[in-house]
Amino acid sequence: MGKYVGKFILIFLITIIIGGAVAGGAVLTAVMGMWGNTDGIDLDSLTMDSNSNIVYLDHNTGEEKNLLTLSSDENRIWVDLDATPKNLQNAFIAIEDERFPIHNGVDIKRTLKATLTYFLDKLTGKGGQASLGGSTITQQLIKNITGDDEQTISRKISEISKAIDLEKKLSKDQILELYLNCIFLSQNCHGVQTAANLYFDKDVSQLNLAECASIASITQNPALYDPFINPDKNKEKQELVLAKMLSLGYITQEEYDEAVNYPLTFSKDTAATKKEEIITSYYVDQVVRDAISRLQEKGYSESLATKMVYSGGLKIYCAYDPEIQSIVEEYYYNTNNFPDSSAQSSIVIIDPSDGRVVAMAGGIGEKEASFTLNRAAQSPRQPGSTIKPLAVYAPALDNGTINTSTRVMDKRKSYDGWVPRNYSYTYSNSEVGLDYALQQSLNTVPVEIMSDMGIQTSFDFMTQKLGFTTLVEAEEINGEIYTDLGYAQLALGGLTHGATNIEMTAAYCIFPNQGVYNKPYTFTEIKNESGETILTGRDSDTTWEAIKPETAAIMNRYLNSVVTSGTGRGAALSDGTFTAGKTGTTSENFDRWFIGYSPYYVASVWYGYDTPASIEMSSNPCIPVWKNVMDKVHSTIKKKNRSIDIDYSVSVSSGVSKSKNTENNSGRRNSGSNNSRESDGE
């Protein structure tokens, strides 16, 4: 018995020392500003309840015009503290942090107790995963702002020190208001307003004491105390909250008795599912998504980033061109412009000089709601042969694996048991030039080039130089390992997850832009209500040289010949503007592409079915879409003095030759793995 007492005393003393060190260290670092300050958090935007606006600059006049006001009422997340029942405020304080009104961000007593529990659980193995609990409301707010809930001592110290720093900058009322508006309350509810709407079909200001305690009951274990899933458990917890409020003097015995006996009636909020009156465009949807995503990259949680975008009084400068967007929408809204009413399509248009996304459409037909699926940005699909210039020809030319004189045998050849076949299922059994191979979209040639260049070289080029995020080195899917390190994946476009329209468009921009890659952006900058820029769409780290200008010039000549003499015939712009591009068709005809460009814009068109199915037509439906849209775009824009560098010394052929290879190509061979989705389309 004595040894257990001694062990407990030892653990207790260690806990006191460590707990004191944790709390003391956090206080010291916060006071000295060494670690965990909140300088990176835009507190002004977080504590505001003012509508944000998406604006754009008129290209003709330079005048700033309002595109859309993002109403906080539509978002239905935020509620001012003075509109929140005092009983609701006190219910959360009672159950979550009873010393909230008097502490400075950290409750030393609770921190020591939580630390003791943590180490006891660690030593005894009880309680599952040990938790560093004991968080104050201020600490929980920090966690909700950052989204960081990693169970480590270093993260806990950082959280405590940030909480102390936050208490110096905000009043208790401001902290409590922020907390009540971002706390997770199950059923995808973030904040007490959405919870009141959902669980009681009421505005939060109309909640009575019993309902306030019920909502406050959810927070400690949302899954367990969810009123819809476990109403009995919620009721048990509600009575504990009411008892705590009574013991702290927040309510009288009479109020307690009345609330305990009040029958809770839960009903899903009908207003929460009401269709928005304003249906935003695919482009506006993407601006909002991108703004929220970029704020998350700065350290905000998704709920707080969303709050800032909708009701932080922000001014978001949209990058789009209203005239071009109108052309795209007019064409895509008209279902008669597409051969199959059950199919879908998407388009993205980017200015290659800087990566500005000027227009997009994420589906055919009029948009029926805001934030529906945007196929241009959210639906990765197999790129087929459109990947060949990106993953094979451009990097191989750039690193010297091939040059403009290289000729490659178009023949049947096995690569570790896998044999690529051409779209026609035939081989010329002759040496062909790179130009002809691209014009006719042969599959044998890029695979042979990649075998010399190396699969890893191609993969690294796609992910590091062209910004592709969808490629995987290895991923388990339904018990099978998939990889994009393979010939079928990189040389022919049979990627594990595919690529998005916007990624493909941005990658092709390197050709008319002298080899320079620009990360695509939908907003130029975001300013807070004080006029300070808090985010920019384009920075120095979002642009870099992907290939040499000389390589881009060669590729421009080759891709122009695809339009004039190859699979892209029919896409040439009517006004004679230089046009280049590449078609793509995937295995079983599931996806069709055309990605084309002029000196002014790069546009990619995808066509297929949301649930992949064979496209029963011989011609490429993307080409007329691309041509009709881009003809209209080029007839209305004020053309600048732009040109595309072309290597006119490149001889573009239209046939095959039996002459020997003029260069002995050498390079690292890597057979790779071909267990991804195969693509043998043109």
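No disulfides are counted in this protein, and the model examined here is a predicted one.

**Cysteines**
- Cys 182 has a relative accessible area of 3%, and because the limit for a buried residue is under 20%, Cys 182 is classed as buried.
- Cys 212 has a relative accessibility of 0%, and Cys 212 therefore also falls in the buried class.

**The protein as a whole**
- The protein contains 24 helices and 17 strands, and of its 682 residues 55% are buried.

- An open sheet is built from five strands, which follow one another in the order 5-4-16-15-14 with antiparallel pairing.
- Strand 5 and strand 14 (580–585) are the edge strands, and because each has a single partner strand, one side of each has no neighbour in the sheet.
- From one strand to the next, the twist averages 10°.
- Helix 22, which covers residues 501–508, packs on this sheet and touches strand 4, strand 5, strand 14, strand 15 (591–597) and strand 16 (602–608), while its direction makes about 35° with that of strand 4.
- Helix 23, which covers residues 549–565, also packs on the sheet, where it touches strand 14 and strand 15, and its direction makes about 60° with that of strand 14.

**Strands 4 and 5**
- Strand 4 (residues 344–351) pairs with strand 5 over five bridges, and the two run in the antiparallel sense.
- Among the bridged residues, Asp 351 has Arg 356 in strand 5 as its partner, and Ile 349 has Ala 359 in strand 5 as its partner.
- Four residues lie between the strands of this hairpin, in which Gly 355 takes a positive phi near 90°.
- Although strand 5 stands at an edge of the sheet, strand 5 (residues 356–361) is mostly covered, with six of its six residues buried.

**Helix 13**
- Helix 13 runs over residues 282–297, and because 16 residues at 1.5 Å a residue should span 22 Å, the 22 Å found between its end C-alpha atoms agrees with that expectation.
- The buried residues of helix 13 are Tyr 282, Tyr 283, Val 284, Asp 285, Gln 286, Val 287, Val 288, Ala 291, Ile 292 and Leu 295.
- Gly 299 follows helix 13 and has a positive phi, near 115°.

**Ile 292 and its surroundings**
- Ile 292 is a residue of helix 13, and its relative accessibility of 12% means that Ile 292 counts as buried.
- When residues up to four places away in sequence are left out, Ile 292 touches Glu 302, Ala 305, Thr 306 and Val 309.
- For one of these residues, Thr 306, the separation from Ile 292 is 14 residues in sequence, and the C-alpha atoms of the two residues are 5.8 Å apart in space.

Methods
Residues are numbered from 1 along each chain as its sequence is written. This is a predicted model: local features need pLDDT of at least 70, side-chain atom pairs count only at pLDDT 80 or more; totals for chains, interfaces and linings use all residues. Side-chain values use heavy atoms; hydrogens and water are left out. The expected span of a helix is 1.5 Å times one less than its number of residues. Buried means under 20% relative accessible area, exposed over 50%, partly exposed in between (1.4 Å probe, protein chains only). A disulfide is a pair of cysteine sulfur atoms within 2.5 Å. Two strands pair if DSSP finds at least two bridges between them. Axes are lines fitted to C-alpha atoms, for helices over the stretch in contact, and angles run from 0 to 180 degrees between N-to-C directions. Contact means heavy atoms within 4.5 Å.
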